[in-house]
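Subject: Structure for your review

Dear colleague,

Please find below the structure that I am handing over to you. I would be grateful if you could read the notes that follow with the structure open.

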Amino acid sequence: MFIGLLGYSTQVIVLLLATAFSIYYSNRIKTRDVLLLFLLIFLVLISLSVFRLYVLGVEGNPIISRIDLTMSILDILIQNYAGYFNGVIHTSIFSSWKLIPGPSSGPRTIIANSIGVGGVTITPTIFGAVVMDYGILGLIPYFGTLGMVMGFCYGVAKSVKGVCL
């Protein structure tokens with residue numbers, strides 16, 4: 001539930017897959033259904049990648065080109081913006097919804113504008129926003145805290161025999 005607040009579609013897909021695994025391990029769906037879900041997600045991702053390359057008129061492998069683009073953006077961000085934003089990226093998650101004062105743009109728009117791209121949003125992997133806000137060393141406490149929260153939630157769910165939080 002909390003991972004969706006990071007503002008990236010990849011985490012939503014991961015959340016859906018985790019839900020599918022949870023349902024699978026509680027014996028509510030069969031292995032075939034989980035495999036069909038994987039296949040469906042893979043086909044959707046490939047289709048969107050091929051469509052994007054077709055619309056842009058670019059030739060090449062759709063999977064490799066997406067990976068190259070994402071990693072080159074992450075490389076630019078690490079080299080030029082590590083620790084530069086001091087929390088603005090993460091607070092923009094809430095300020096873009098007008099829940100708190102701050103920038104009205106979302107995190108992906110701020111990332112795109114910071115590297116000189118307008119009119120689109122850019123996802124620099126799950127690490128990019130953390131590196132931009134807190135630097136490379138900020139990854140350790142950020143994901144350490146995330147791991148502790150997830151471990152706590154797992155412990156609670158296990159103690160109440162699978163009730164979701």
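Predicted model: local features only at pLDDT ≥ 70, side-chain atom pairs only at ≥ 80, totals over all residues.

Residues are numbered from 1 along each chain as its sequence is written, and side-chain values use heavy atoms, with hydrogens and water left out.

Helix pair

Helices are DSSP runs (H or I, at least four residues), numbered from the N terminus. Helix 3 (residues 62-81) packs against helix 6 (residues 125-134) at an angle of about 15 degrees, and their axes lie 10 Å apart. Helix 3 is therefore roughly parallel to helix 6 (angles under 35 degrees count as such). Axes here are lines fitted to C-alpha atoms over the stretch in contact, and angles run from 0 to 180 degrees between N-to-C directions. Thr70, Met71, Leu74, Leu77, Ile78 and Tyr81 of helix 3 make the contact with Thr125, Gly128, Val131 and Met132 of helix 6, where contact means heavy atoms within 4.5 Å. By class, this contact has seven nonpolar, three polar and no charged residues; Ala, Val, Leu, Ile, Met, Phe, Trp, Tyr, Cys and Pro count as nonpolar, Asp, Glu, Lys and Arg as charged, and the others, Gly among them, as polar.

Nonpolar core

The largest nonpolar core has eleven residues, including Ile73, Leu77, Tyr81, Phe85, Ala112 and Met132. Such a core is a set of buried Ala, Val, Leu, Ile, Met, Phe, Trp, Tyr and Cys residues joined through side-chain atoms within 4.5 Å. At least two residues of this core come from each of helix 3, helix 5 (107-114) and helix 6.

Ala112, in helix 5, has a relative accessible area of 0% and is buried (under 20%, with exposed meaning over 50% and partly exposed in between; 1.4 Å probe, protein chains only). Ala112 and Ile73 are 39 residues apart in sequence and 9.2 Å apart in space, C-alpha to C-alpha.

Loop residues

Most residues other than glycine have a negative phi. Asn27, in the loop between helix 1 (9-25) and helix 2 (31-56), has a positive phi of about 60 degrees. Asn27 is exposed, at 70% relative accessibility. Asn86, in the loop between helix 3 and helix 4 (88-95), has a positive phi near 50 degrees. Asn86 is also exposed, with a relative accessible area of 64%.

Yours sincerely

Conventions: Parallel < 35°, antiparallel > 145°, perpendicular 65-115°, else oblique.
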